[in-house]
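Subject: Structure handover and findings

Hello,

Here is the structure for you to look at. My notes on what was found follow below it.

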Amino acid sequence: MNKMHGKLPAQPATRSCLVGHVPLGGKAPVVIQSMTNTDTADYVATAIQCAELNRAGSELVRITVNTPEAAAAVPRIREHLDRMGCDVPLIGDFHYNGHRLLTEHPACAEALAKYRINPGNVGFGKKKDEQFAAMIELACRYQKPVRIGVNWGSLDQSVLARIMDENSRRAEPLDTTAIMREAMVTSALESAAQAEALGLAGERIILSCKVSSVQDLIAIYQELAARSSYALHLGLTEAGMGSKGIVASTAALAVLLQQGIGDTIRISLTPEPGGSRTQEVIVAQEILQTMGLRAFTPQVVACPGCGRTTSSFFQELARDVQEHVRARMPEWREAHDGVENMTLAVMGCVVNGPGESKHANIGISLPGTGEAPSAPVYEDGEKTVTLKGEKIGAEFIQIIEAYVARKYPKKVQ
């Protein structure tokens, strides 16, 4: 990564990799990945969800490939997405039987842009090396990159046993947490070395070591980055639901990203019942944009409210503006260059309202309790109009639309 995308100068760049048409590692920006929760065998539902995730901003989408029916559906999902005009690369998530599914369904192997292998369950006993080799050989044949994804919940028990045996012979044995961390890093690095020995180029290998603990994740990835130059995929394996999942993911990934560690990220949120899967994509975007690593959509600054802002109107307007820009961004992105860098301010009283509004591209300072019932609007630091009456919200959104059309050049088609 370059400095613009958050790679610190002291952090060596990871190897460049290409997943479909999406570059990652090297100097590429951090890439957002998500995962479907549909039955992959239902190719229509899965294609629709892939398209929804991509429209929300997911640049890679992973799908479960766990049965012959799911494997047979993969090329149909790809075809359906292509007909929809959605070129998002698909990643196949394999556990236990990936070697067999990829062998028996060559169209699946071809349609996927990347394979995900878990060294903890790719095979057991004598079959482990054989089945791992089969998947790597298929990746070589179809020229696909591979993510070697270690999970604490399914850690390779042979590696763990070996690390524990070695630890027992130490003069000063490591504690249980340190053993777990070392076992995960060792599993990932040894599997990557094995893949390279089988002919898979290091530029086609992505590593991940996922746990649910924030501190463990940070420590493991710091060690992984120090001991290898493979592209790295970040994410808690089970972040959780709602604010807990968002906070945990942000706490872990922000530390690593600030250190220049990480080439792809996934926010593994448990959706609310009936909730949209796209929430995990929005959180990933907001982490990267808040840190100044990438820009995806106009940012809305809004005050939290206090005793001066007893009305809920500014809260409602802030919500409406945020929803409006997110809804419009797919069209704006196609039509206008740079609109994702626009900043908006929706402020609730005179204390910070005018100042914050002047710092934004467009800002509105709503009247607080007891203030004159008028709302000055600022564009690029200059007051342009004062809104009054019951249609302030609709009029402000019209001003935003006019500003986008006027200030951001249209893309050449």
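Predicted model: local features only at pLDDT ≥ 70, side-chain atom pairs only at ≥ 80, totals over all residues.

Thr369 sits in the loop that runs between β15 (362-365) and β16 (375-379). Not counting residues up to four places away in sequence, Thr369 touches Gly307, Arg308, Thr309 and Thr310. Trp332 is 37 residues from Thr369 along the chain, and their C-alpha atoms are separated by 36 Å.

Ser365 belongs to strand β15. Ser365 is buried, with a relative accessible area of 5%. Its side chain reaches the backbone oxygen of Cys349 at 3.5 Å. With neighbours within four places in sequence left aside, the contacts of Ser365 include Met347, Cys349, Gly353 and Pro354. Ser357, Ser374, Ala375 and Pro376 are also among the contacts of Ser365.

The largest pocket has a volume of about 590 Å³. Of the 21 residues lining the largest pocket, Asn54, Gly57, Glu59, Arg294 and Arg333 are the closest to its centre. Three elements, β2 (22-24), α1 (43-56) and α11 (313-335), each supply at least two residues of this lining. The largest share, four residues, comes from α11. Sorted by class, the lining of the largest pocket has nine nonpolar, five polar and seven charged residues.

The second largest pocket holds about 330 Å³ of space. Its lining is made up of 16 residues, and Met35, Arg62, Asn151, Thr237 and Arg266 lie nearest the centre. The elements that give two or more residues to the lining of the second largest pocket are β7 (146-151) and β12 (269-270). By class, that lining divides into three nonpolar, five polar and eight charged residues.

Gln49 is placed in helix α1, one of the elements that supply at least two residues of the lining of the largest pocket. Gln49 counts as buried, because its relative accessibility is 10% and the limit for buried is under 20%. Leaving aside neighbours within four places in sequence, Gln49 is in contact with Thr36, Asn37, Thr38 and Arg277. Gln49 and Thr278 are 229 residues apart in sequence, while the distance from C-alpha to C-alpha is 9.0 Å.

Thr14 lies in the segment before β1 (17-19). At 9% relative accessibility, Thr14 also counts as buried. The side chains of Thr14 and Asp263 are joined by a polar contact of 3.0 Å. Asp263 is therefore one of the residues that Thr14 touches, since contact means heavy atoms within 4.5 Å. Not counting residues up to four places away in sequence, Thr14 touches Gly25, Gly26, Ser229, Tyr230 and Ala231 as well as Asp263.

Aromatic pairs

How many aromatic pairs does the structure hold? There are three aromatic pairs. In one of them, Phe94 and Tyr115 have ring centres 6.1 Å apart and planes at 90 degrees, so the pair is edge-to-face. Phe94 lies in strand β5 (residues 90-94) and Tyr115 in strand β6 (residues 114-117), so the pair ties together parts that are 21 residues apart in sequence. Phe94 is buried, with a relative accessible area of 2%. Tyr115 counts as buried too, at 0% relative accessibility.

Backbone points to check

Tyr96 is not a glycine, yet it has a positive phi of about 70 degrees. Tyr96 is found in the loop between β5 and α3 (98-104). Is Tyr96 buried or exposed? Tyr96 is exposed, with a relative accessible area of 53%.

Gln143 is a residue other than glycine whose phi is positive, near 55 degrees. The loop that holds Gln143 lies between α5 (127-142) and β7. The relative accessible area of Gln143 is 56%, and Gln143 is exposed.

Regards

Methods. Residues numbered from 1 in each chain as written. Heavy atoms only, no water. 1 Å grid on protein atoms, 1.4 Å probe; cavity = no way out; pocket = protein on both sides within 12 Å on 5 of 7 lines; lining within 4 Å. Points joined across faces, edges and corners; volume = space filled by probe spheres on them. Nonpolar A, V, L, I, M, F, W, Y, C, P; charged D, E, K, R; others polar. Buried < 20%, exposed > 50% of the residue type's maximum accessible area, 1.4 Å probe, protein only. Polar contact = N/O pair within 3.5 Å; in protein donor to acceptor, adjacent residues only side chain to side chain. Phe/Tyr/Trp six-rings, centres within 6.5 Å; stacked < 30°, edge-to-face > 60°.
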